[in-house]
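Let's take a walk through this structure together. Have a look at the overall picture, and then we'll go into a few details.

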Amino acid sequence: MNEFETRTAEYIAQHHMVQKGDTVIVALSGGADSMALFRFFLSRREAFGITLRAAHVNHGLRGANADADADFVRGQCAAHGVLLDETKLNAPGHASEAWGREQRYLFFARLARQYGAKVATAHTENDNAETVLFRLARGSSVRGAAGIPPVRDVYIRPLLWAQRAQIEAYLACCGAAFVTDATNKTDLYARNQIRHGALPVLENAHPGAVHNFARFAGEMAELAEYLDTQAKALLAQALLKPPEYLPQKLAPAYDAAVLAGAPAPVRRAALASLIAQIAPQKTELVADAERVLQRGGAVQLCKTHVFCVAQGKAFLPAQPDAAARAGTAWNCPLLPGVHEAPGGMRLTVRLLNYEKTVNSGKDAENHLKFCADYDRIQQGVCFRTRRSGDVFRPAGRGVTKPLKKWLSEQKLPLAARELLPVLAAGSEILWAPGFGFAERLAAGRQTKTAVMIEMRQMEEL
C-alpha cells in the first residue's frame, strides 16, 4: 500500500467513516478526484470488509461530452466488477450549479436508503479551501467557516486530507485513466473563479495557503461544536414555562434578558439556532436579531414567521394575521362534553350539583373558584377566539376592561392571544383561560347547577 492509500486509510479511521459490513457507494463522475477515490476503495474493499458500489449522474447539460463520461464510468465499473447506479437528468433552461448539486444529492440519498449504504464523495483539501473562501466572502457564521465536514449523515469524504497534486500522482502511479470536464476550466461559476484566480494568488503569496484554509476550517468545526453545546444550554436556561392554559404547540418563549446577557459568541449561536428552525438559509439575520434583542421589535424571517422581542420575551411566532386566520372560523356552543379548540387544546365542560360540590370536603373551595352558576348563562353563548371589542370583568377583580388589555397584562404572546378560546355572549366574555368566569356568573346559595370548564393540551388526555 503506497503513501496515498496509507494516509487515506488513516483519515478514514480517524473519523470512523467505514465499518466492516458497510456498503459504500462512490459518487463517480469519472474525473480525477472521483477516480482516485474509486481506485482506493477497489484496493481496500477486502481489507475494510465492505461492499462497493458506484453512482453516476449525467446532468444533461453537456450533450455528447456528458454521454461520453457516462460511457467511461460504465466501462470502469464493468472492468472491475462494481455495480453501478446511474441517472440522466432533464435539465431546465438556465440550470444553475445549485440545481445540479441538489439533484445529485437527491439521487445519492435515494440510493443510500435503498441499499442502507454510505455515500463517499471525492471532496479534497482544495475543495474545502474554496468552500471556506466562498462562504467567508458571502458572509458566514462560524458553522459556515467550518467548511466541508468529513462525515455528515450518510456522506463520507475520505480525500479531504489530500490536494489535487497528490491525487494526480496517485492516479499516475496506478496507471488509472480519468476524464476532464471542460466546464471546470471556465469561469462561468463563482467557485471556478476562486479556484482559478483567488486560490493560486494566495498560494503563490503564501505557500501552504490551501492547507492552512483547511486547517482553519477544522478549528472552526471544533469551535462550532463547542458553541452549539453552549447555545443549547443557554436556550434551555432562557426557556420560559408557559401557563398551563396556553396551547403548548405555540412558539416557545425565552427570557430576553438571559439571552442578551450571555457571552456574544454563545448568544449569536443561540440566535442562529432559533432562526435556523424557521429559515435555515437566513442565518445572516443573526445581527438583526441581536439588535432586536437589545431594543425590542421584530425581524422578518420569512413570509410566515418573525423573530420578536416584547415584554422581556423573545419568540418566533407565526405572523399574527396567519394565527388569527387559523382561529377566526372556530366556534363551539357551550354544551357538556369535550370539545377540540385551536392550538391543539381540548375543552372539557362539566355540569355539577352545586350543593354536593360545596359539601364535598377540602377540595370544595378549590373547585368553586372555577365554577359558575349554570342557570345564569343565557342560551346562545359559545366558545370562540377573541374579537375586537371584547370586554371582560373576571370574578374577584372588581373591574371591567377590554379582553385585549387583560391578556396584554398577562404578557401573553400575540399569537397565543389570537388562538386562545373564550366563552362569549356577544362581545361580553364569560370565561377565559387563566382568569375563570365573569363576576356576574359567580355561584352562590341559590345555585343549583354549577358549570366547570377545563382546558388542557390534547396530548395530555
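A residue is called buried when its relative accessible area is under 20%, exposed when it is over 50%, and partly exposed in between (1.4 Å probe, protein chains only). What you're looking at is a predicted model, where local features need pLDDT of at least 70 and side-chain atom pairs count only at pLDDT 80 or more, while totals for chains, interfaces and linings use all residues. Residues are numbered from 1 along each chain as its sequence is written, and side-chain values use heavy atoms, with hydrogens and water left out.

The protein has 17 helices and 22 strands; these are DSSP runs numbered from the N terminus, with helices being H or I of at least four residues and strands E of at least two. Now for contacts, meaning heavy atoms within 4.5 Å. Take those between residues at least 6 apart in sequence: 69% of them join residues at least 24 apart.

Next, find helix 5 (residues 125-138) and helix 9 (residues 209-238), which pack at an angle of about 70° with their axes 8 Å apart. Axes here are lines fitted to C-alpha atoms, for helices over the stretch in contact, and angles run from 0 to 180 degrees between N-to-C directions. Helix 5 and helix 9 are therefore roughly perpendicular, a label for angles of 65 to 115 degrees (under 35 is roughly parallel, over 145 roughly antiparallel, and the rest oblique). Which residues of the two helices make the contact? Helix 5 brings E125, N126, N128, A129, V132, L133 and L136, and helix 9 brings V210, H211, F213, A214, F216 and A217.

Finally, some individual residues. C173 sits in helix 7 (residues 164-174) and is exposed, at 58% relative accessible area. Its C-alpha atom is 9.3 Å from that of N2, although C173 and N2 are 171 residues apart along the chain.

H16, in the loop between helix 1 (3-14) and strand 1 (23-27), has a positive phi near 50° despite not being glycine. D153 has a positive phi too, near 55°, and belongs to the loop between strand 5 (151-152) and strand 6 (155-156). H16 is exposed at 61% relative accessibility, and D153 is exposed at 68%.
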